[in-house]
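This report describes one protein chain for a reader who is new to structures. Look at the sequence and the model first, then read on.

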Amino acid sequence: MAAANSERAMHARGDLGQPQRVASAQVYRYLATAIALGGLVFTLGGLLELA
């Protein structure tokens, strides 16, 4: 309860504290690359299966 009261007091003063940590753009680039390569593998696999 003390932590919640302290947080409310900080917000009332306009002190919002440290920003929340979010993933950097580099992480999203790696995820996009992995997804694109995975899609390419599935596409080529499907084309080879038809041949």
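Where is D15 placed? In this predicted model, D15 sits in the loop between α1 and α2, the latter covering residues 25–50. The protein has 2 helices and 0 strands.

Is D15 buried, partly exposed or exposed? D15 counts as partly exposed because its relative accessibility is 36%, and that class lies between the cut-offs of 20% and 50%. D15 is 12 residues away from V27 in sequence, and their C-alpha atoms are 29 Å apart in space.

Helix α1 takes up residues 2–13. Its 12 residues, at 1.5 Å a residue, should span 16 Å, and the C-alpha atoms at its ends are 17 Å apart, so the two values agree. Just after α1 comes G14, which has a positive phi of about 90°. In an α-helix there are 3.6 residues a turn, so residues three or four places apart point the same way.

The values for the whole protein are set out below.

| Property | Value |
|---|---|
| Radius of gyration of the protein | 23 Å |
| Box filled by the C-alpha atoms, along the principal axes | roughly 70 × 20 × 10 Å |
| Accessible surface of the protein | about 4,900 Å² |

How does the radius of gyration of the protein set against that of a compact globule? A compact globule of 51 residues would have a value near 10 Å, but the protein has 23 Å. Of the 51 residues, 0% count as buried. Carbon and sulfur atoms account for 66% of the accessible surface.

Conventions: Residues numbered from 1 in each chain as written. Predicted model: local features only at pLDDT ≥ 70, side-chain atom pairs only at ≥ 80, totals over all residues. Heavy atoms only, no water. Helix = DSSP H or I, 4+ residues; strand = E, 2+ residues; numbered from the N terminus. Expected span 1.5 Å × (residues − 1). Rg over C-alpha atoms; globule rule 2.2 N^0.38 Å. Buried < 20%, exposed > 50% of the residue type's maximum accessible area, 1.4 Å probe, protein only. Areas by Shrake-Rupley, 256 points an atom, 1.4 Å probe, with all protein chains shown as cover.
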